[in-house]
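Morning, everyone. I've got one structure for you today, so let me put it up and walk you through a few spots.

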Amino acid sequence: MDDRERVERNRTAWDVRAGVHVSSEFYDVDGFRDGRSSLRAFEVEALGDVRGKRLLHLMCHFGLDTLSWARLGAEVTGVDFSAEAVAVARRLADEVGLPARFVQADVYDVADVLEPASYDVVVATYGVLVWLPDLDEFARVVARMLRPGGVLFLAEFHPMLSMVDGELRVRTSYFRTGAVDRQVNTSYTGQAVSEHVQTTWPWTVGGLVNALAGAGLRIVRLDELPVDLRQRSPGMVQGADGLWRLPGDPLPLLLTCLAVKG
């Protein structure tokens with residue numbers, strides 16, 4: 001099986017997950033309908049005032065974060081390869097009365113379906129890089145979509161998380177390469193899904209930096225954070241900000257990156 005076939009298999013799985021996730025406590029869609037933002041404080045701080053800016057959200061799932069940026073005044077377009085996710089996002093936008101455009105497309109095809117060099121901001125957040133077989137091409141897509149002076153904001157689970165288990169024991173190499181196939185029957189929301197094989201691709205911080213730089217993006221800031229969005233290990237403790245930490249902060253759990261197109 002080649003990477004294109006693996007991506008198509010992943011797409012089918014994400015169609016199922018989109019329908020399931022919208023009812024999960026993890027996403028709290030009812031809270032969003034009541035006015036809650038799904039964005040974290042450090043995301044909003046990183047981009048500042050987005051009012052009137054054209055914002056492209058790549059791999060947006062069913063659009064909760066995309067629509068939260070719209071609530072802050074951005075002119076948003078969300079892109080996802082899952083038809084079901086895009087359908088859910090459009091329904092949600094209509095329900096809450098927010099102007100937003102949602103497009104079904106593979107991330108590598110974005111420049112063929114949207115206008116290149118026309119976005120002030122590109123956003124990609126949380127659990128997206130592992131689904132990309134080609135990180136260099138992803139960076140080139142971002143660069144093509146940004147106008148000169150436009151910024152990329154990336155927030156991602158730190159790749160070190162994928163090399164340790166729940167007891168923080170090293171179970172694989174940080175420097176492994178190649179597609180990883182895994183049989184799953186539950187989603188990260190804790191909900192059951194039909195059993196299927198999913199494929200992910202490992203990445204490293206160095207690989208990300210080199211990909212962005214190779215695409216002509218200048219990295220303004222890169223931070224590694226000791227917080228996570230959910231409890232992955234029994235020892236993790238939730239703070240007042242809703243984020244989870246390991247006692248003593250032994251590992252980076254999130255990574256954020258801000259880069260500018262020169």
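Let's start with a charged pair: Asp165 makes a salt bridge to Arg169, and their closest N and O atoms are 2.9 Å apart. By salt bridge I mean a side-chain nitrogen of Lys or Arg within 4 Å of a carboxyl oxygen of Asp or Glu. Arg169 is exposed at 51% relative accessible area, while Asp165 is partly exposed at 23%. For those words, buried is under 20% relative accessible area, exposed is over 50%, and partly exposed is in between, with a 1.4 Å probe and protein chains only. Salt bridges with shared partners also tie Asp3, Arg6, Arg9 and Asp181 into one network. The total under that rule is 18 salt bridges.

Quick housekeeping: this is a predicted model, where local features need pLDDT of at least 70 and side-chain atom pairs count only at pLDDT 80 or more, while totals for chains, interfaces and linings use all residues. Numbering runs from 1 along each chain as its sequence is written, and side-chain values use heavy atoms, leaving out hydrogens and water.

Now, Glu137. Which residues does Glu137 meet in salt bridges? One is Arg140, with the closest N and O atoms 2.9 Å apart, and another is Arg144, also listed at 2.9 Å, N to O. Glu137 and Arg140 sit three residues apart in helix 7, about one turn of the helix. Helices here are DSSP runs of H or I, at least four residues, and strands are runs of E, at least two, numbered from the N terminus. Glu137 is buried at 18%, whereas Arg140 is partly exposed at 37% and Arg144 is partly exposed at 34%.

On to helix 8, residues 205-214. Its buried residues are Val205, Leu208, Ala211 and Leu212. They are on the same side of helix 8 because they span an arc of only 130 degrees around the axis, taking directions from the helix axis to the C-beta atoms. The face turned away from that side carries exposed Asn210 and Gly214. What do the buried residues pack against? Helix 7, strand 5, strand 8 and strand 11, with contact meaning heavy atoms within 4.5 Å. Just after helix 8, Gly216 has a positive phi of about 90 degrees.

Last, the sheet: seven strands, open, mixed pairing, in the order 3-2-1-4-5-11-8. Strands pair if DSSP finds at least two bridges between them. Strand 3 and strand 8 are the edges, each pairing on one side only. Strands 5 and 11 pair antiparallel over seven bridges, and Leu154 stands opposite Cys257 in strand 11.
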